[in-house]
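Good morning, and thank you for coming. Please look at the chain on the screen while I describe its layout and its contacts.

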Amino acid sequence: MTIDEPLMTEIANLTNGQYFRATDESSLQKIYNRINTLEKTKIEKTVLKKGVDYFRIFVVTGLLLILLNPTKKTPG
């Protein structure tokens, strides 16, 4: 596989990054070790949780209490 190393290096320089090339397992491990020493960026994330809708429980309970009210007087 042919890789345009000068182009990869130029892209890395233009983007304020670094270009790493591994040719075997040993060099790949060295690259991983080097990457692990680089600055770590803290990532903030927003987590949305689906809440429970209690509104329906209160509406149904209220309707049942109104409909089943034993003190309700019948007309007549």
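**Layout and contacts of the chain**

Read from the N terminus, the elements of the chain follow the order α-α-α. The chain has three helices and zero strands; helices (H or I, at least four residues) and strands (E, at least two) are DSSP runs, numbered from the N terminus.

This is a predicted model, in which local features need pLDDT of at least 70, side-chain atom pairs count only at pLDDT 80 or more, and totals for chains, interfaces and linings use all residues. Residues are numbered from 1 along each chain as its sequence is written, and side-chain values use heavy atoms, with hydrogens and water left out.

Let me turn to overall form. The C-alpha atoms fill a box of roughly 100 × 25 × 25 Å, taken along the principal axes. Of the 76 residues, 4% count as buried, where buried means under 20% relative accessible area, exposed over 50%, and partly exposed in between (1.4 Å probe, protein chains only).

Next, how many salt bridges are there? The count is one, a salt bridge being a side-chain nitrogen of Lys or Arg within 4 Å of a carboxyl oxygen of Asp or Glu. Arginine 21 and glutamate 5 form this contact through their side chains, at 3.1 Å from N to O. The two residues are 16 residues apart: glutamate 5 lies in helix H1 (5-14), and arginine 21 in the loop between helix H1 and helix H2 (25-37). Arginine 21 is partly exposed at 35% relative accessible area, and glutamate 5 is partly exposed at 30%.

Finally, valine 60 sits in helix H3 (residues 55-67) and is partly exposed, at 48%.
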